[in-house]
Amino acid sequence: MKANYKFANICGTVYRQGNVLFTSDGNSLLSPVGNRVSVFDLVNNKSSTCAFENRKNIAAIALSPDSNVLVSVDQDGRALLVNLRRGVVFHHFNFKKPVKDIKFSPDGKYIAVTHDSHVQVWKTPNHLVREFAPFILHRTYTGHHDEVLSIQWSPDSRYFLTTSRDMTARLFTLDPLDGFRPKTFAGHKDAVLSAYFSEDGTSIYTVSRDGAVFTWKEKESKVDPNNDDPMPSSSSENSLGNRIANTRWGVHKRNYFNQPNTKVVCTTFHPASNLLVVGFSTGIFGLWEMPVFSNIHTLSISQEKISSVAINPSGEWLAFGAKKLGQLLVWEWQSESYVLKQQGHYYDMNTLSYAPDGQTIATGGDDGKIKVWSTHSGFSFVTFAEHSAPISAVSFAKHGSVLFSASLDGTVRAYDLIRYRNFRTFTSPSPVQFSCLAVDPSGEVVAAGSTDSFEVFLWSVQTGKLLDVLVGHEGPVCSLAFSPSGVNQLVSGSWDKTVRIWSVFGRSRAVEPLSLTSDVLALAFRPDGNELAVSTLDGQITFFSIQESKQTNVIDCRTDISGGRKADDRVSAVNNSSGKAFNSLAYTADGGCLIAGGNSKYVVLYDVREGEGVMVKKFQISENLSLDGTEEFLDSRKVNDAGINTDLIDTRGDESDLEDRLDLSLPGASRGAGDMSIRRYRQEARTKCVRFSPTGRAWAAASTEGLLIYSLDDSVTFDPFDLSIDLTPQSVLEVLVAREYLKALVMAFRLNEKPLIQRVYETIPGGDIRLVVRQLPFIYVPLLLRFVGEHLESTPHIEFDLIWINTLLMSHGRVLKDKSGEYASVFRIVQKALSGSEQSISKLCDDNSSALTYYIDQSRRAHKADVEMLSV
């Protein structure tokens, strides 16, 4: 079992805060997701998340004009300089103050950064050279009396506009010019959010928070009517540069949006088409054409305020981010259609489940919604909102496209993933809250455990009728699992410190209780159904043999999961392991490893073969200091004179927006009768659910950051299987040239270099496949089958791969069937590839048949028309 899993993607979160950006080609969108950056490929419909992490949540990002270099700045002003194409961090830098806006100059040579009431311009570090101190300050610009909010460069990179809360905008030059003083654009009655140059540089537009747009142009100079000679233009040498510097700017026109009871939150401008895009605090956005200020259209796209807006270089697509709802939208304004519409769970994500083919993941959250995500694209393609309370568990049926969910609203629902509808709703005789769910391997019986009545309910999926109520637990039922081996056994775990094994369909109706030392939090069956793993509140994982009904092993995990000190903890992280325990367990497909996650920043992988229980690897789900519990040691500098951590002090009263300052908490809802202070509660880094992919190549965790997906690192290409001194890539190629295909294939697998295996594999003629497969030693058969399954997903040679798969299964099918549990992950990879090929081929055939039908109908109509003309 390999353990080199690396972070691959975040699916459950698409936008948190900060600004969204388009790449220079306009095909991809960059969105800050907590302390990471996600890249959404809008053309290929894929999303990926960069592996690097900032110290805290990202406040601003900037992309160089060639889309090679990305600068991401967190809330404290600490920045990362990143090669975006490779995802490699070049440099760390601290701007030492919170950054509101950061922009690359159009020529890519400078970076302008807001620095409280100042603006700093830095020279862009060379991303091809390693330097000790790469950031060199060019100049610091002063003049504003309050916090600077935005920066906008001129097209020639010689000037830039800044806007501030002091209700003014200013024009600065990059380098000093003789006789030039920074121009001030005053007259607004609220904070100026942004200022823009027109494409020809003759106009400047400023937008304020109260909905005013001022157009600034050159003041009319007083010309002597007796003098017919025009004044010589100073812009002949360098038209744009000198014109901007020498122009006497004045207000040409004042326009107002006139949106009642709303404020402007974010704006952007597209100089080529003179489009001004504005996002309002009510979730409305509008497009105005400048300078005539004609409204092209206004549309409501969210229930909450729009936090960020961006427009792609061609001016066709608009991107919007809504912080409160976690929405990310890309709108094509000409056709009035969505290119992308994604939203994560509004509150925490509670549970997840992999589909049997490993291609989709279902998640349930505190917002009562169920979302189904594609592991290939990273996008959610369906949302079910029938539940009216938080989702406690979701599970796929082993066969068929059916998804089950249990909720605290007292219902269990079944969803059809072909027609996307809720076709069954299961309820109990008296209202209870369901905390866990299990589906029979046949998919015909569903069971749910309650927290109120301590009972387990069983329903028939086909009829929807209640089959049985299992009584016996004396505490809330927290976990359920059917035996995967199909022996009609249901296992339930409860807070009454017992695990009960029910023979639900047998005549004896036998119940076998297993006692533990503490409250049960989670349980999981090994894929062969012979072993049961149980996690308890005292931080232990206990293993039971189902056949012998006895305990086989115990792992004390408290030291493994302990770590991370919260801001209000009184003891250090080393000594604070009392409340740490795993609340989710999952076996790998081969049953050799167990992954566990809980109320900690760690997810731990254990090797449980032959009763060992050895920790293989420990994964830290987040290094985001904006979350509670990620630091090992608290910073004593953040403790004030009263002994209170400043991170816990509520600073909402200092916010600039009225809606952010409002305290909406209910009267009497404070923590204690004598505690009149206000605390700010940060989200805690923890994992609520972990699951392994059926293919064994990835695992997912429902965490505070979203749906984290870790997959095997494919960058390690050299992993020799059976190496000898004579075995080299050159010798493999020599054998291949000699047409000794079997020997070349075995040698390639022994070297285990993927490009070499692929070359040998694709060189073997189709007529020799059967002979090679029949003589291939069985030890290489699973390796070859896995390779063919992965190759089928990315190759146009579908028939060639299908011949290999068919021949392998026909020649070695009996042995593979006997060891189906051991090679389950290989079979699932092949199944996933085959189903993907089937879908693509069937779609292509449908399209072709529709096109042919259309052509035949058109030819018949043309022929009929010709006949009618001849007859006339």
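Student: At what angle do helix H8 and helix H9 pack?

Tutor: This is a predicted model. In it, H8 (residues 781-792) and H9 (residues 798-818) pack at about 150°. Their axes lie 10 Å apart.

Student: Are H8 and H9 roughly parallel or roughly antiparallel?

Tutor: An angle over 145 degrees counts as roughly antiparallel. H8 and H9 are therefore roughly antiparallel to each other. H8 passes H9 in a left-handed crossing.

Student: Which residues of H8 meet H9?

Tutor: Val 781, Leu 784, Leu 785, Val 788, His 791 and Leu 792 do. Their partners in H9 include Trp 804, Ile 805 and Leu 808. The residues of this contact divide into twelve nonpolar, two polar and one charged.

Student: How do the axes of H8 and helix H10 cross?

Tutor: H10 covers residues 824-871. Its axis and that of H8 come within 8 Å and cross at roughly 25°. Under 35 degrees counts as roughly parallel, so H8 is roughly parallel to H10. The crossing of H8 and H10 is left-handed.

Student: Which residues of H8 meet H10?

Tutor: Pro 782, Leu 785, Arg 786, Gly 789, Glu 790 and Leu 792. On the H10 side, Phe 827, Ile 829 and Val 830 are among them. The residues of the contact of H8 with H10 divide into nine nonpolar, three polar and two charged.

Student: Now a loop. Is His 345 buried or exposed?

Tutor: Under 20% relative accessible area counts as buried. His 345 has 10% relative accessibility, so His 345 is buried. This residue lies in the loop between strand E29 (337-343) and strand E30 (349-354).

Student: What does the side chain of His 345 join in a polar contact of 2.9 Å?

Tutor: The side chain of Thr 363. A polar contact of 3.3 Å joins the side chains of His 345 and Asp 367. Beyond its neighbours within four places in sequence, His 345 also touches other residues, including Gly 12 and Lys 371.

Student: What is the phi of Asn 261?

Tutor: Positive, about 55°, although Asn 261 is not a glycine. Asn 261 is exposed, at 80% relative accessible area. Lys 497 also has a positive phi, about 70°. At 39% relative accessibility, Lys 497 counts as partly exposed.

Note on methods:
Residues numbered from 1 in each chain as written. Heavy atoms only, no water. Axes fitted to C-alpha atoms, helices over the stretch in contact; angles between N-to-C directions. Helix = DSSP H or I, 4+ residues; strand = E, 2+ residues; numbered from the N terminus. Parallel < 35°, antiparallel > 145°, perpendicular 65-115°, else oblique. Left-handed = near helix turned anticlockwise from the far one by under 90°. Contact = heavy atoms within 4.5 Å. Nonpolar A, V, L, I, M, F, W, Y, C, P; charged D, E, K, R; others polar. Buried < 20%, exposed > 50% of the residue type's maximum accessible area, 1.4 Å probe, protein only. Polar contact = N/O pair within 3.5 Å; in protein donor to acceptor, adjacent residues only side chain to side chain.
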